[in-house]
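Here is a colleague's note for someone opening this model for the first time. Please keep the structure in view while you read the points.

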Amino acid sequence: MTSPAQPKRRILARMLLLVLLAGVAFIAMRLGYVPQRFSPFPPIALDAQPTWFVDSRLAALRLDRPLCDAILKDPHIDAAAIVDQPYKNGCGWQNAVKFTRAGGAQIGAEKLTCEMAAALALWIEHEVQPLAQATFGARVASIGDMGIYDCRNIVGNPLMKNIRSQHATANAIDISGFTLQGGRQINILRDWPGNGTEAAFLREAHRRACKYFRVALGPDYNAAHKNHFHFDRGAFSRCK
Ligand SMILES: [Zn+2]
């Protein structure tokens with residue numbers, strides 16, 4: 001004879017299993033382990049501002065070179081795939097590209113992961129360019145980058161000094177400022193602390209980056225970032 005408690009226990013066990021499976025599926029998608037063909041979401045596209053599930057759709061690019069080749073296209077980005085460098089001692093890269101232009105602005109990158117390159121192109125084309133046009137009446141001609149790949153640990157935070165930076169896997173970029181068509185320059189070190197139009201532009205550009213990059217740090221985060229934005233798509237999320 002079954003006791004009345006047994007069906008309840010069975011339902012609870014099934015619910016727990018469902019929650020567990022949903023958690024595993026979420027983590028697998030976040031880490032890019034769910035191929036696009038098994039994803040419930042459409043592939044990310046660069047020609048329009050994405051609205052839904054942007055993070056998961058970008059993550060689907062991580063290990064999928066054919067999808068990257070299909071998506072990272074002119075005129076949004078002039079990306080070319082580069083040969084993988086197998087990870088050694090926490091450094092190397094997988095499924096990375098090089099490019100000289102993204103989102104209609106010059107920005108040189110010798111190697112950046114495909115997932116980051118897509119996020120960068122989306123941010124520049126659909127956030128930075130319309131924002132610059134609305135704020136200054138001019139588009140961004142070029143973006144200053146302070147580096148991408150660097151086999152090193154995280155700097156500026158004593159608690160994380162033994163952890164590899166996302167720069168060590170070409171999964172991060174540091175941006176120092178913007179040059180508009182016509183030559184006007186907006187510099188993070190100089191303009192962020194002010195109250196002017198440039199500061200408002202930089203703060204809004206940074207705020208909008210958090211939609212595309214898991215980590216988007218600027219001068220408000222710590223002194224190590226007073227002269228640049230750091231963007232990456234590692235495992236953690238932080239927008240400051
Ligand atoms: Zn950085």
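**Notes on the predicted model**

1. Buried residues account for 36% of the 240 residues in the protein. Buried means 20 or more other C-beta atoms within 10 Å of a residue's own; exposed means 12 or fewer; partly exposed lies in between, with C-beta atoms placed from the backbone. The model is predicted: local features need pLDDT of at least 70, side-chain atom pairs count only at pLDDT 80 or more, and totals for chains, interfaces and linings use all residues. Residues are numbered from 1 along each chain as its sequence is written.

2. Overall layout. The protein has six helices and eleven strands. These are DSSP runs numbered from the N terminus: helices are H or I with at least four residues, strands are E with at least two. Along the principal axes, the C-alpha atoms fill a box of roughly 85 × 40 × 40 Å. Take the contacts between residues at least 6 apart in sequence: 54% of them join residues at least 24 apart. A contact requires C-beta atoms, placed from the backbone, within 7 Å.

3. Helix H1. This helix covers residues 5–30. Its 26 residues should span 38 Å at 1.5 Å a residue, and the end C-alpha atoms are 37 Å apart, which agrees. The expected span is 1.5 Å times one less than the number of residues.

4. The core. Which residues touch the most other members of the largest nonpolar core? They are Ala117 and Ala118, in a core of 59 residues. Helix H4 (residues 114–136) supplies the largest share of this core, twelve residues. Such a core is a set of buried Ala, Val, Leu, Ile, Met, Phe, Trp, Tyr and Cys residues joined through C-beta atoms within 7 Å. Setting aside neighbours within four places in sequence, Ala118 contacts Ile44, Leu46, Leu58, Leu61, Ile71 and Leu72.

5. Pairing requires at least two bridges found by DSSP. Lys88 stands opposite Cys91 in S3. Two residues lie between the strands, and Asn89 in this hairpin takes a positive phi near 60°.

6. Tyr87. This residue sits in strand S2 (residues 85–88). Tyr87 counts as partly exposed because it has 13 C-beta neighbours inside 10 Å. Ala168 is 81 residues away along the chain, yet the C-alpha atoms of Tyr87 and Ala168 are separated by 9.4 Å.

7. Backbone points to check by eye. The peptide bond from Asp74 to Pro75 is cis, with omega near 0°. Pro75 is in the loop between helix H3 (65–71) and strand S1 (80–81).

8. Positive phi in loops. Asn95 is not a glycine, but its phi is positive, near 55°. Asn95 lies between strand S3 (91–93) and strand S4 (96–102). It has 20 C-beta neighbours inside 10 Å, so Asn95 counts as buried. Ala170 also has a positive phi, near 55°. Where is Ala170? It lies in the loop between strand S6 (140–147) and strand S7 (172–180). Ala170 counts as buried because 28 C-beta neighbours fall inside 10 Å.

Note on methods: Contact = placed C-beta atoms within 7 Å.
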